[in-house]
Number of protein chains: 2
Amino acid sequence: MQSPIDSPALAIVGGGQLARMMEQAAVSLAVPVHLLAEGPDVSAAQVNPATTVGDYRDLATLRGVAEGCAVVTFDHEHVPPEHLRALDAEGHACRPGPHALLFAQDKREMRERLTALGVPCPRWAPVSDAAGLDRFAADGDGYPVVVKTTRGGYDGKGVWVVEDAGAAAEVFAAGVPLIAEELVDFRRELSALAARSPSGQVATYPVVESKQENGICREVIAPAPGLDPERAAEAEMLAMRVAAELDVVGILAVELFETADGRILVNELAMRPHNTGHWTMDGAETSQFENHLRAVLDLPLGSPRARARWTVMVNILGGEVGHLYDAYPHVMARDPGLKVHLYGKAVKPGRKVGHVNVYGDDLDDLLARARHAAAWFEGRLDDDVDPDDEDRDDVDPDEWDRGSTGE
Amino acid sequence: MQSPIDSPALAIVGGGQLARMMEQAAVSLAVPVHLLAEGPDVSAAQVNPATTVGDYRDLATLRGVAEGCAVVTFDHEHVPPEHLRALDAEGHACRPGPHALLFAQDKREMRERLTALGVPCPRWAPVSDAAGLDRFAADGDGYPVVVKTTRGGYDGKGVWVVEDAGAAAEVFAAGVPLIAEELVDFRRELSALAARSPSGQVATYPVVESKQENGICREVIAPAPGLDPERAAEAEMLAMRVAAELDVVGILAVELFETADGRILVNELAMRPHNTGHWTMDGAETSQFENHLRAVLDLPLGSPRARARWTVMVNILGGEVGHLYDAYPHVMARDPGLKVHLYGKAVKPGRKVGHVNVYGDDLDDLLARARHAAAWFEGRLDDDVDPDDEDRDDVDPDEWDRGSTGE
């Protein structure tokens, strides 16, 4: 791809909203993007002129997109590792590389590696049958325990909380590789984001609190309210160390449990811009999307500092209303400081179709404003999210979901 | 154009950097953009998939681009008014409309209208020959005076400072319509930006100071340092009033002289996002590009408030260095807080190819950082722009150019 400023071109595999927001950041840096999209109208394809529609599982298709691009990066972690190795060998630097992505693709590999590094994780073990699961439960506090597929899912799911081994019988019968994990008594979920370049520079964003509902990220508060500064530093150091040890290039998101007894445990890893970093688009000096681009291009990283005391992000999920644009007059008139980011996606129930950011000094006010806007986009009233009903220092963990699906 | 969120589509005429930055803002709002570009590789065409290459002076071409778009807006003010009236009549709302754009297209119309409104302007008069120019000079303090073409330019220029009528002989002989204006003894140039929607909502940005060199905007400081709050309010009110009286829709930029004796006079009008508003991309709660889109789509306007005490913008002009990307490692490593916006334009001497923004509390530090980065992109050292050499409260007007070309 030609660049008037002699920038190397970047190939992005996957046409979701993460690629779309990377493209938006690429405009300011004047970095040409060649997109491999699942369809002609997907989120990122709508706003990028150099788009190939094709299957990321096909090596020839990947080669065609990488042609003329110095670097290949990703909207998701699903590209087959052998294809990434082939591209790498042909001179298209895959960032993150297949050796790093493995730990975001396979939960058993991730747990084994983090355990070997001494990184605190929930108690875990590979399991393949009911007897093994019973042994795992007996070694701890008994049931319930969490059962996870190591890669992808089974029957549309990848995580189960089971009360006894019988509840997992069907999954065992299917023969998919599984691990068991303790059901962590967590106080809340946190997320630590780091950007890392091939030359080893790392920038970490302030640690945030994320709230999941039904396995989907619902809202993020930056920085995590009331987080002990030592815990925050520990989480940032952990993200930096994992990024370096696993040789991650680009954004690494480390989803964390803060346990009831004050420990930090790693829940999941993601190696791409992450939903828990969308607040950075308006709340940080450099967005996670710009820093992902800078990292994979081996450019010096931008400042990850927060620009406001608090930034709140609330996701907009597909709801009752089909026409998101119809919500603009209300939400924009009500709140001139609200930042709206829609992904150009048609509404389907539960689908992430956008997010809103607000920033300022009064956290309760910000939560109320962002929740109201998201609710309005979703076609519901937000009586149920009155911030006065909620004491931020004493969150009921039963309200919270576990096993976020990330993104 | 189809929109998954049922947004109206927007046609943008002209493929320069202003259109490019509008497109970047349109990504977050998920507003589809159909671009009419001068060539396949111009700045805005590089980042927009729905682009028609053609001539904005051709009505059929304009019709083709407007087809399926609810609103037509502009990267520049050069579209023939009769074409705009035709599009308007066919149901494509032109915003700003031809009746407003006239006052950005024709300096005599602008001066007549502003004078009728009682808006303070430099002393001016239409002139068509040497005798008329001598009379204009004699009515004031004599020569030098400023001669301007009312529309476009002559021999590549549109503004001359002349010491006697003989110096304008060639222009008079060419028969182009001209006006004469007093040579204002200005202390500095200011700019007041307003966004106005068809339903009449107006938002004004903080008044900025702009520094011109050779008729090109070089740097902008937001807000204008040391500006009397009453003067600032007067300038904002003036922009609001002009926007309303002229029925401007979108961004209106009012370029102003602050005179040595403390008055505010209107220099030029522009009806589109403006170089003196580029600081808003990182320095305001809503960028001028987003507010231009919101205004022309008749959506409620976003907050124009500044996010930092000071924001400094410095333009990057084409200089010695052909490869702008090569400057990234230095400028990014030296200043992680610097925000870079390049336009994807090949370097030509004096051509605007990008800008940098920095924000913070220490104005001298910000000026030094932004000037250093721009100088580095331009392939020169910045010894000549040491902020310690300059007293911001006592700027030498001889350093400054007059008659900015806007954009």
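1. In this predicted model, the contact between the two chains involves 37 residues of chain A and 37 residues of chain B. On the side of chain A that touches chain B, the elements giving two or more residues are helix H1 (17–29), helix H11 (328–334) and strand S17 (339–342) of chain A, and H1(A) gives the most, with five residues.

2. How are the two copies related? Chain A is superposed on chain B, with an RMSD of 0.0 Å, by a rotation of 180 degrees with 0.0 Å of shift along its axis, and the copies are therefore related as by a two-fold rotation axis. Within chain A, Pro49(A) has the C-alpha nearest the axis, at 1.9 Å from it. Both copies use the same surface, since 100% of the contact residues of chain A recur in chain B.

3. Within chain B, helix H2 (residues 59–66) packs with helix H3 (residues 81–89) at an angle of about 40 degrees, their axes lying 10 Å apart. Because angles under 35 degrees count as roughly parallel and those from 65 to 115 as roughly perpendicular, H2(B) is oblique to H3(B), and the crossing of the two is right-handed.

4. The residues that make this helix contact are Leu59(B), Leu62(B) and Ala66(B) from H2(B), together with His83(B), Ala86(B) and Leu87(B) from H3(B); by class, the contact has five nonpolar residues, one polar residue and no charged residues.

Notes
Residues numbered from 1 in each chain as written. Chains lettered and ligands numbered in written order. Predicted model: local features only at pLDDT ≥ 70, side-chain atom pairs only at ≥ 80, totals over all residues. Contact = placed C-beta atoms within 7 Å. Helix = DSSP H or I, 4+ residues; strand = E, 2+ residues; numbered from the N terminus. Least-squares fit on C-alpha atoms with pLDDT ≥ 70 in both. Axes fitted to C-alpha atoms, helices over the stretch in contact; angles between N-to-C directions. Parallel < 35°, antiparallel > 145°, perpendicular 65-115°, else oblique. Left-handed = near helix turned anticlockwise from the far one by under 90°. Nonpolar A, V, L, I, M, F, W, Y, C, P; charged D, E, K, R; others polar.
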